[in-house]
Structure formats: structure tokens, C-alpha cells
Amino acid sequence: PASGLLEAEDCAAAAADALGEARGLRQDVQLTLVRLCGLDALRARAGEGAVDRLFAEIGAFLNAHALRGAAGRMGPDRCGVVHAAETTLDIAAEAAGALRAGGLLTGLVTVEDRRIALGSEGLAPADAAKALAFTLRRFAENEPFEGDSLAEAFRALVDDTVSRVTQLRALVGEDSFEAVFQPIVRLADGRVSHYEVLARVEASSPADVIRFAEGIGMIEELDLAVCSRAMALLESE
């Protein structure tokens, strides 16, 4: 709360909205991801309040440049912001200024940041927004921030997500899955009560597909596709 930034999940949603608006306006946007190094040293020297004040200053700076409020704290030592591509954010200078204002050495905390262009070629607007939100959540939860590997890791995540969204869109749109019927049996007499319709996807775990569909907001479309397949099979009997 001290940072004034959105939490990771809310930031992902705001980032998707910002990307959609920018795409409609044909505006180039970027994501800047930031890591503050040395927070433990700052905490040991000046207390937790100094860390909160530093994040408050940086949070105010990021919020001032964020598109549609898309600035969030992505972890204990990291944050991110979606902003206009032509805007250069000198976050290191902001951090140094905040440290000086608190009477602390500016070198106590260092800043690593990366700027990534948010191109969304090859995706429909809705799918591009979902891909970005899902990628940000994965980054916040799992991906390390290690020097020059960040941009490459992020691009790899984006490429993987774009590919999976495209595959899922084809899966739903073309009904390219198998429907199987699992009997549900009454314990009282062992007779079949009804059947549960399950989706089976070639060369992929159904659980993985469902988790991914839930993560990017396409689970309803997948549910409807399975229901449509089940009804078509019933009608064909």
C-alpha cells in the first residue's frame, strides 16, 4: 500500500486495457520493468519506513506516466508500468533523489530496468490483451529478473503465450478436440445415472489447456464449444 501502485493482478488487467486503448489509437506503447537492488541493506540501515518511502516516491513517478493507471508492484523488489513508447523513464534518478531526501547514500539502492515494446501483431485485440495480462502474471509469479536476460525471458513468454492463444483459438473455433463420455454411477445400485462429457486434446493435457483458458479469460468459450459438441453428438444418435 505504501507504494501507491496496483497489485500484480490488478496491474495485469490495467495493462491489458492500456494496450487495447493504445492499439485503437495506433499508439506505440512499452512496458518498463524495474528491480530495486539493495533493499535489504536499506532496511538494515534505515528501517522498513525508508523502504516504504522509496517505493512511495517511485510509485508516484510511475503512476504519473502510466497509461490507464497501468503501474503495479510485481513483487517485493520489482514493479512495472505501461507507458507511451516515446517517454523515457529515469527511474534510477528518482530513486537516487528519494534516498538523498532521506539523508541516505544514493548508491545504497541500485535500479535495474528494461523496456519492452508491446507489439501485438498476429492477434485479435481481445486476444492481445489477454496474452499480455497472462504474461505479466506469469512474470510476477515465476520469472526471475537477471540482468540482460529479462527482456529475452519476457519476449520468450510473450511468444509462448501468443502461440498458445492462437492454438486455443483454433481449438475452440474449429472444434479440434475429442469429446469422451464418462459414466457417473449411482452407488446404491451400480447403475449409470448420467454421463460427464470430457474434452481430450491431442498432444496436450486437458488440465493444462483448461488452466490456460481460465488464465486468459477464454474458459467460457471453451465450455460452450464442449457443450455444442456434446449436443451435436446427442442429436446424431
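Predicted model: local features only at pLDDT ≥ 70, side-chain atom pairs only at ≥ 80, totals over all residues.
Asp77 belongs to the loop that joins β3 (71–75) to β4 (78–84). Its relative accessible area is 19%, and because the limit for a buried residue is under 20%, Asp77 counts as buried.

The side chain of Asp77 forms a polar contact with the side chain of Arg35, at 3.0 Å. Leaving aside residues up to four places away in sequence, Asp77 is in contact with Val34, Arg35, Leu36, Leu39 and Phe55.

**Helix α4**

In helix α4 (residues 91–101), the buried residues are Ile91, Ala95, Ala96, Ala98 and Leu99. Viewed down the axis of α4, these buried residues fall within an arc of 160 degrees, and they therefore line one face of the helix. On the face turned away from this buried side, α4 carries the exposed residues Arg100 and Ala101.

The packing partners of the buried residues of α4 are two strands and two helices: β2 (29–37) and β5 (110–117), together with α2 (39–46) and α3 (48–65). After α4 comes Gly103, with a positive phi near 70 degrees.

**Aromatic rings and charged groups**

Zero aromatic pairs are found in a search of the whole structure. Phe55, one of the residues touched by Asp77, has the charged end of Arg73 over its ring, 3.4 Å from the ring centre. A further arrangement of this kind involves Phe177: Arg229 lies over the face of its ring, at 4.7 Å from the centre.

Technical notes
Residues numbered from 1 in each chain as written. Heavy atoms only, no water. Helix = DSSP H or I, 4+ residues; strand = E, 2+ residues; numbered from the N terminus. Buried < 20%, exposed > 50% of the residue type's maximum accessible area, 1.4 Å probe, protein only. Polar contact = N/O pair within 3.5 Å; in protein donor to acceptor, adjacent residues only side chain to side chain. Contact = heavy atoms within 4.5 Å. Arc of directions from axis to C-beta. Phe/Tyr/Trp six-rings, centres within 6.5 Å; stacked < 30°, edge-to-face > 60°. Lys NZ or Arg CZ within 6 Å of the ring centre and 35° of its normal.
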